[in-house]
Amino acid sequence: MIIGSLLLELHLPDARSLKDKRSIVKSVLQRLRNEFYVSTAEVGEQDRWQIAQLGIACVSSDRQYAQEQLRAVVDWIYDNRPDLRVSRVEIELL
């Protein structure tokens, strides 16, 4: 069993309050769940309104598939959310 984890830090320049941030983050997390069948959560920087740290995880029997799945999540953010700036990407496979 391979567990893939992705730490994704985003800059949200359009967020003007924590309420704006929560709306954006909630939308992104739900879309990633629906699109890639991964587990998602906001895991840090919860009190900063223009920074979001997201945790994404997948489980697979194939190391390469888990790596590709998490890379696809990052690519999706770049392709579908130009309003968000990716500032950190960390992928780990266990």
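Start by selecting V28, R31, L32, E35 and F36 in helix α1: they meet Q69, A72, V73, W76 and I77 in helix α2 (contact means heavy atoms within 4.5 Å; helices are DSSP runs of H or I with at least four residues, strands runs of E with at least two, numbered from the N terminus). You're looking at a predicted model, where local features need pLDDT of at least 70 and side-chain atom pairs count only at pLDDT 80 or more, while totals for chains, interfaces and linings use all residues. Residues are numbered from 1 along each chain as its sequence is written, and side-chain values use heavy atoms, leaving out hydrogens and water.

Now show α1 (residues 18-36) and α2 (residues 63-80) whole: they pack at about 135°, axes 11 Å apart (axes are lines fitted to C-alpha atoms over the stretch in contact, with angles from 0 to 180 degrees between N-to-C directions).

Next, pick strand β1 (residues 2-11), where seven of the ten residues are buried (under 20% relative accessible area, 1.4 Å probe, protein chains only). On β3 (residues 51-60), β1 pairs antiparallel over ten bridges (pairing takes at least two DSSP bridges); click I2 and you'll find S60 as its bridge partner there. With β4 (residues 85-93), β1 is again antiparallel, over eight bridges, and L7 partners E90.

Last stop: E42, in strand β2 (residues 39-44). E42 counts as buried because its relative accessibility is 18%. Its side chain makes a polar contact with that of K21 at 3.0 Å.

Conventions: Buried < 20%, exposed > 50% of the residue type's maximum accessible area, 1.4 Å probe, protein only. Polar contact = N/O pair within 3.5 Å; in protein donor to acceptor, adjacent residues only side chain to side chain.
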